[in-house]
Amino acid sequence: MVGDDAAGNTLAYIRLSDIGEPLISVSNFSPVPHEQYQLPLPVFGEWIELINTDDLKYGGSGVVNNEIECRKESVRGLDFSATVRIPPLGTVWFKLKN
């Protein structure tokens, strides 16, 4: 999904459940947060942040995503995308809201 962002030190990939539900993992290996990261999405829908290693409850600095607006805009070959916050030296998992 995102394997060529060496400049941003960011890696993103999709895993699918047994019934085909997508789970997206995004890791930022740099010490700088990405405040306006253009994340490609495989399907349109209401996405939520499932786990964020930078959440205050895990001892992080609080660079989290409260709302995610999915839009029909092609990014990196996928038809949909969202602008999200990716914390420094952290990983975020996104999933479709049930």
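**Figure 1. Arg85, a partly exposed residue, and its partner Glu35.** In this predicted model, Arg85 has a relative accessibility of 28% and counts as partly exposed. Arg85 forms a salt bridge with Glu35. Their closest N and O atoms are 2.6 Å apart. Glu35 is partly exposed too, at a relative accessible area of 35%.

**Figure 2. Lys97 paired with Glu46.** A salt bridge forms between these two residues, with 3.5 Å separating the closest N and O atoms. The pair links distant parts of the chain, 51 residues apart. Lys97 belongs to the segment after strand E7 (90-96). Glu46 lies in the loop between E4 and strand E5 (47-52). Lys97 is partly exposed, with a relative accessible area of 47%.

**Figure 3. The salt bridge of Glu73 with Arg71.** The closest N and O atoms of this pair are 2.7 Å apart. Glu73 has 36% relative accessibility and is classed as partly exposed. Arg71, at 21%, is likewise partly exposed; the buried class requires a value under 20%.

**Figure 4. Salt bridges across the whole structure.** The search of the whole structure finds three.

Notes: Residues numbered from 1 in each chain as written. Predicted model: local features only at pLDDT ≥ 70, side-chain atom pairs only at ≥ 80, totals over all residues. Heavy atoms only, no water. Salt bridge = Lys/Arg side-chain N within 4 Å of Asp/Glu carboxyl O. Buried < 20%, exposed > 50% of the residue type's maximum accessible area, 1.4 Å probe, protein only. Helix = DSSP H or I, 4+ residues; strand = E, 2+ residues; numbered from the N terminus.
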